[in-house]
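This report covers the pairing of strands in a sheet, the contacts between aromatic rings, and charges placed over rings. The sequence and the model come next.

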Amino acid sequence: MKTETKSWLQDLGSGVHAIDTAFVRDAFDAAYLIVRKGRAAFVDTGTRFALPRLLGALDEVGVPREAVEWVIPTHVHLDHAGGAGALMQELPAARMLVHPRGARHMIDPSALWEGALAIYGAEEMARSYGELTPVPAERVATSSDGMTLELGGSTLRLIDTPGHAKHHHCIWDEDTRGWFTGDTFGISFDQFTTAKGRWIFPTTTPVQFEPEALRASVQRLMDADPACMYLTHFGRVDEVPRLAQALLGMLERMVALGEAVRAAESDPQRRLSRLHEGLSAIFLESLAGHGCTLPAATVLELLEVDLALNAQGMLAWLEREKRNRG
């Protein structure tokens with residue numbers, strides 16, 4: 001008799017399954033398994049430590065490893081692609097489909113590792129991310145804007161979506177009329193859901209945040225009139241028009257904060273501190289308006305990782321803008 005489905009695996013319908021990768025905490029980081037007529041694809045993988053759950057999802061759903069055709073990281077940040085190489089070793093027939101700007105980092109992840117090491121430090125890298133496994137070049141394919149894939153008779157379409165990262169693409173699933181958005185459509189944690197629905201905010205993780213490009217990418221997603229979005233952080237969200245408006249509104253507030261900090265401070269450390277404080281204030285105010293009744297200390301604890309990374313990413317944006325202006 002089949003055992004009860006694992007708590008970390010959610011059947012979202014139409015062959016789409018969300019896998020909680022257990023990165024940071026429960027319901028923080030998702031990978032997705034798409035199954036159509038016995039053929040399968042993973043979208044995002046979490047870190048190397050997610051591998052048992054990724055393989056366990058195949059077992060739970062009843063998909064042989066040789067039936068997985070594609071592993072598709074939305075981009076090569078380690079919470080999305082850190083486990084991709086290790087997963088590929090377990091899937092004999094799979095190919096990896098990655099943005100052309102990210103392919104070299106999957107084939108030789110040494111520069112990716114060094115970049116992350118500079119941000120997180122050696123202790124955190126070992127604790128949270130684990131070893132990065134290279135993917136043989138002959139098993140790596142690169143996406144192009146507008147390309148389509150056939151998966152068990154279903155159509156998946158990929159588009160280039162810079163703004164969070166230059167190496168980011170999103171995947172459209174025609175069957176569910178939903179986008180697998182990686183970080184392009186922001187972050188929505190269920191702890192902040194109220195009677196008004198889900199709450200959402202942009203992610204400006206280092207080092208390639210570009211507000212104008214992100215706005216354009218969100219609009220491209222919305223041009224498809226999606227019924228839902230599959231977020232890596234975290235899960236399927238509906239009410240897409242409302243969330244898009246909220247996301248872009250929050251982005252405007254964050255950009256205004258960055259411009260104010262740029263005008264007021266020249267020292268990078270003071271800029272970083274002001275950005276962190278300003279983001280905290282923006283998020284707390286937005287959540288209060290959304291009807292969230294959690295204590296401020298609890299909110300800031302839940303958002304601690306994202307506040308720190310968003311502040312660092314915005315600082316990188318301000319410093320890059322300063323260089324570009326001469």
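Seven strands make up an open sheet in the order 1-2-3-4-5-6-7, and their pairing is mixed. Strands are DSSP runs of E with at least two residues, helices are runs of H or I with at least four residues, and both are numbered from the N terminus. Two strands count as paired if DSSP finds at least two bridges between them. Strand 1 (9-13) and strand 7 (140-142) are the edge strands, each pairing on one side only. On average, neighbouring strands of this sheet are turned by 25° against each other, direction ignored; the axes behind such angles are lines fitted to C-alpha atoms, for helices over the stretch in contact, and angles run from 0 to 180 degrees between N-to-C directions. Strand 6 (residues 95-98) and strand 7 run parallel and are joined by three bridges. Leu97 stands opposite Ala141 in strand 7.

The model is predicted: local features need pLDDT of at least 70, side-chain atom pairs count only at pLDDT 80 or more, and totals for chains, interfaces and linings use all residues. Residues are numbered from 1 along each chain as its sequence is written, and side-chain values use heavy atoms, with hydrogens and water left out.

Rings of Phe, Tyr and Trp (its six-membered ring) pair if their centres lie within 6.5 Å; planes under 30 degrees apart are called stacked, over 60 edge-to-face, and the rest tilted. The count by this rule is 13 aromatic pairs.

Phe28 lies in the loop between strand 2 (16-20) and strand 3 (30-36), and Phe189 in the loop between strand 11 (178-182) and helix 7 (211-223), 161 residues apart. Phe28 is buried (under 20% relative accessible area, with exposed over 50%, partly exposed in between, a 1.4 Å probe and protein chains only), at 2%. Phe189 is buried at 0%.

Tyr32 in strand 3 and Tyr230 in strand 12 (residues 228-231) are 198 residues apart. Tyr32 is buried at 1% relative accessibility, and Tyr230 is buried with a value of 1%.

One aromatic cluster is formed by Phe23, Phe28, Tyr129, Phe189, Phe192, Trp199, Phe201 and Phe283.

A charge sits over a ring if NZ of Lys or CZ of Arg is within 6 Å of the ring centre and within 35 degrees of the ring normal. Arg25 lies over the face of Phe189, 4.8 Å from the ring centre. Arg262 has its charged end over the ring of Trp317, at 5.7 Å from the centre.
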